[in-house]
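Welcome! Take a look at the structure first, then read on.

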Amino acid sequence: MSSLETLYQQVILDHSRRRVGEGDIPADVDGQSYQVNPTCGDEITLGVHVKDGELVDYTWTGDGCSISQASISVMAELIDGKSIAEISQLYKDFEIMMHSRGKGVSDELLDRLEDGAAFEGTAKFPNRIKCSLLGWYALKDALVKAGVALEDQK
């Protein structure tokens, strides 16, 4: 195993344990989404607070494999303080990477994803793609329910 693969494995393990953004979801969220991966039982509920069309706060709870839990933790770290336009780009980048099936994506995209690049290896395994994307789907859905749509990034 290369040193980069070892580092990426450590990023996933660390985030699955310390879970950035995890906590009780307040009753007054502007949008909430529950997502489940029926093939493996991963579950995520994410709530968002939106002000003037921008994400100002989010909280999530979840249960499942280390990949799904680490992915949403990394996502929470990535989106913190970002505009909807920036979040939209990160969402699109993560989706592109996960649908690459491990055939590689640009270094520029990986740089934008920061620790999210650690999930590039999971794209090689079709049964793990949904685990990695579950939190991102919850974010997109919760934002839509709060009246904010992620922008289509080309």
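**Salt bridges and their surroundings**

Arg112 has a relative accessible area of 30%, so this residue is partly exposed; buried means under 20% relative accessible area, exposed over 50%, and partly exposed in between, with a 1.4 Å probe and protein chains only. You are looking at a predicted model, where local features need pLDDT of at least 70 and side-chain atom pairs count only at pLDDT 80 or more, while totals for chains, interfaces and linings use all residues. Residues are numbered from 1 along each chain as its sequence is written, and side-chain values use heavy atoms, with hydrogens and water left out.

- Five salt bridges are counted, a salt bridge being a side-chain nitrogen of Lys or Arg within 4 Å of a carboxyl oxygen of Asp or Glu.
- Arg112 forms one of them with Asp93, at 2.6 Å from N to O.
- This pair links distant parts of the chain, 19 residues apart: Asp93 sits in helix H3 (residues 84-98) and Arg112 in helix H4 (residues 107-113). Helices (H or I, at least four residues) and strands (E, at least two) are DSSP runs, numbered from the N terminus.
- Asp93 counts as buried because its relative accessible area is 1%.
- In helix H5, Lys145 and Asp141 are four residues apart, about one turn of the helix. Their side chains meet in a salt bridge of 3.1 Å, N to O, and Asp141 is partly exposed at 25% relative accessibility.

**Two positive phi angles**

- Arg19 is found in the loop between H1 and strand E1 (31-37). Although Arg19 is not a glycine, its phi is positive, at about 45°.
- Arg19 also pairs with Glu22 in a salt bridge of 3.4 Å, N to O. Glu22 is partly exposed, at 37% relative accessible area, and Arg19 is partly exposed too, at 22%.
- Look for Asp52 in the loop between strand E2 (42-51) and strand E3 (54-63).
- Is Asp52 buried or exposed? With a relative accessible area of 74%, Asp52 is exposed.

**Cysteines**

- How many disulfides does a search of the whole structure find? The search finds zero, where a disulfide is a pair of cysteine sulfur atoms within 2.5 Å.
- For Cys40, the nearest cysteine sulfur is that of Cys131, 3.8 Å away, and Cys40 is in no disulfide.
- Cys40 is partly exposed at 40% relative accessibility, whereas Cys131 is buried at 0%.

**A negative patch**

- Asp14, Asp107, Asp111, Glu114 and Asp115 form a negative surface patch. Patches are made of residues with over 30% relative accessible area and no salt bridge, joining like charges within 9 Å and nonpolar side chains (Val, Leu, Ile, Met, Phe, Trp, Tyr) within 5 Å.
- Asp14 belongs to helix H1 (residues 3-18) and is partly exposed, with 32% relative accessibility.

- Ile129 is placed in helix H5 (residues 126-145), and at 7% relative accessibility Ile129 counts as buried.
- Ile129 and Arg101 are 28 residues apart along the chain, and their C-alpha atoms are separated by 8.7 Å.

Notes
Accessible areas come from the Shrake-Rupley method with a 1.4 Å probe; for residues, only the protein chains shown count as cover. Lys and Arg count as positive and Asp and Glu as negative; His and the chain ends are not counted. The place of a charge is taken as NZ of Lys, CZ of Arg, CG of Asp or CD of Glu.
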